[in-house]
Amino acid sequence: MKKNENLIKMIPLICTILIAGFANAQETNPCKTGGQTCYFGVEINSILCGYSVETYCNGMLDGKEIRYEYSDVTLKMSLLGADVDVGIQTMYAIDPATERAVKIEMSFKNNQTVVASTTNISGDTAYFTSSTSGVSKTIPVDRDVIFASQTRYPNLFTDFIMDGISEKKYKVYNPMNGEVAVKGYTKKSEEDIILCDSVFHTLVVEETDFSSGIKTLLWLNKSDGYNLRVLGEGRNIYLADKSVTSRIALADMDNVLFAKVGKVIPDFMNLSWLKVRAQINSFGENITAESLNRPGQKFSGSVTGNYIDGIFEIEPARYTGENAPPFPPDFRGSPGLKQYLEAELMIESDDPLIISEAFRITGGSKDSWEAAVRLSRWVAENIAGALPGGISAINTLKTQGAECGGHSRLLAAFCRAVGIPARLSIGCMYSTYYTGSFGQHAWTEVYMGDAGWIPVDATISETSYIDAGHIRLGESVTFRPVEMEILDYKIAGGQTAGIDLPVSGTFKAYTGSYTDMESLTVYDFRFNEGCLAADIPGQWLLALNEPDDQGRWFPKITRQMAFSFIKNNAGIVEKMILHRFATMKRVPLQDSLLKGTPEEYLKYTGNYSFAPARLSLDVLFPGGILTTQEPLGRSNERIGYTKKGDVWTDETGIYEIGFTTDSENEITGMILAVKTEFLRGEPVTEVIEPVIIDGGVQEGLKKYDEIKNSGDNGYLFSENVLNRLGYRLLNEERTDDAIKIFCKNVQEYPESFMANDALAETYLKTGQNTLALQYFLETVKLNPDYEYGKKMIEELKDK
């Protein structure tokens, strides 16, 4: 019903490091009209959530005969309530005489985000280029380097199956990043497996990637060396039939990427010290106990095959900028920093747009620390939280929305563009999600000369520091928690775990429940560990900063939402207003749409878009009045706004528009604010539903009357409250109980069209036509334009 509802939802900020997702990746399949096709199922944690379509055919490339192997993978996952389509397309062009690839193309896509690369192999040289990132490099590759697809292993077929060896290492080219890695293979067993109703004789081989620590089991068909099954990192990929494409379901990645600890620390951004017992699986690079000990992070325990088991103590020091390098800095003579100053895949620091924006933001900085903090603050304030988001630096800049990886890569790219070494830091971060949990997270480290690497987290607006809830595992790792437990912690200022502070009078006035009477969403406000905190159901417990000069309480973790409170004449808080903000980019409109626009308003006109919510609004001034489409899609009519100071507001007060400008006072964007009113109190059904479950609907209605007659203003009554309860019972096939609730609603609100219509429909479905007719007559009386009701009246009269 509300087609842009994502705009008004809190976009969680803890995130996975997604390489890419694709819904409509570019078409590179050379085997569309012929060849052989195979299907593979993809399970994650035993859930069939994806498939791969593999096609093979012969063709020509540059006048030579070629065997093409094409792979198209689709995965369906959910993360923090957002659906995420993830996948990859790969094309290998293989010389059948040498079994060596001569060209490899890869394409990743997620909505507007594309990451694509091509590798051309000529003799002993590979030429890697990325058309989307601008990165290119030349890699020496001797004849010992393996260029083979992931579905067929000619080297393993020859060495392990034909020659019978049991163990060997190979240099294997990785087309995703244009690098050569050493992988070891060990024969484990021979096994007959049944796939697609056929028996295959296989050799089971364990693959070890020594650069990442990842171990994978492969089931190789003994007759030709094709890979029939892959098992590792919670993935199970296996040969299937075409029906697999219609049988997939969403895999809930929250269960994979979060470690629930059952301890809520609302003011977690002020954590100054944290002690955690952790058991974690991590892949992507080799981890040792020594590598986990860093400035501000102490680890005691063991690391066995990248399985971490021990205790972390986190106490990051806050850098003040003392003795920071000058700006712009010059680190060209530092070989160890070279890679952190160059562009790379998804950190496109040589892109002209990134370079120009980075220099604009940092212009006039007194030193490199001020420049880095300016860039960090810009990313925090201008890039909205979105899943999966921009992913790469340039796409994040263009779409203005990203997950933590996109935020961190953009900041790293900005810093590198102005000569400040920067890199990603990956591990996990504590948040109040899932009533306290650690989730996979990325942030940025900037190099400040003698002070070393300084961590900052623009994703959560920690623009010059990180809190002690960050556990660093490496630069290109994954976080797969087994179990984690918070042992102790301190909040900045000296507060330790387990200390409950008394609620001050200032905060007590705002504590309690507040309800959106349309959606019946309930937010709870409580005093917790020295600050007011908002409990958003199913999402976060958000610690709030104290109100600004407009009375808005912003969460410490985000500027995308705020809360304000309305008091009655007696000074008692009776309402809460939820403010949600979307920063939208401007694109000029065609001149034909601007005819008749007064000159003074031309600079405001344009199309403004917010990619994370797929929201697009045209700002026009017919008759000198600012108008846009209805932002939440509640109608097809354009709505008008009246200017009040520096902002424009619609007549309902729900929407507010302000404009952003650049250094030359040109309009660059728009900030759309959406307001939702919550009444103080909770729906009375929160109390009577448990009574209905325990004692039946009559007891529930009795409790309803008791509460209403008591005058307790902590509970809210409305026709919508009872209507929702009735439909919940109806969905549970408790029709008689639902009718009793609907009858009570009509009794309480006899002039309500909603109440009478629900009762009419329910009587109709249960075959009680006389009663259905009675209430349809009432609905038409209340709403003379109700055509469906008129139709049903005529039909029921004839029965």
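These legends accompany several close-up views of one predicted model. Local features are taken where pLDDT is at least 70 and side-chain atom pairs at pLDDT 80 or more, while totals for chains, interfaces and linings use all residues. Residues are numbered from 1 along each chain as its sequence is written, and side-chain values use heavy atoms, with hydrogens and water left out.

**View 1. Strand β26 and its partner β23.** Strands are DSSP runs (E, at least two residues), numbered from the N terminus, and two of them pair if DSSP finds at least two bridges between them. Strand β23 (residues 422–431) pairs with β26 in the antiparallel sense over four bridges, and Ile426 stands opposite Gly474 in β26. Five of the five residues of β26 (residues 470–474) are buried, so this strand is largely enclosed by the rest of the structure; buried means under 20% relative accessible area, exposed over 50%, and partly exposed in between (1.4 Å probe, protein chains only).

**View 2. The aromatic pair Phe258 and Tyr434.** Rings of Phe, Tyr and Trp (its six-membered ring) pair if their centres lie within 6.5 Å, with planes under 30 degrees apart counted as stacked, over 60 as edge-to-face and the rest as tilted. The count by this rule comes to 38 aromatic pairs. Phe258 and Tyr434 are edge-to-face, at 5.8 Å centre to centre and 75° between the planes. Phe258 is buried at 7% relative accessibility, whereas Tyr434, at 25%, is partly exposed.

**View 3. Trp453 with Arg423.** The charged end of Arg423 sits over the ring of Trp453, 3.9 Å from its centre, where the rule asks for CZ of Arg or NZ of Lys within 6 Å of the ring centre and within 35 degrees of the ring normal. Trp453 is partly exposed at 22% relative accessibility.
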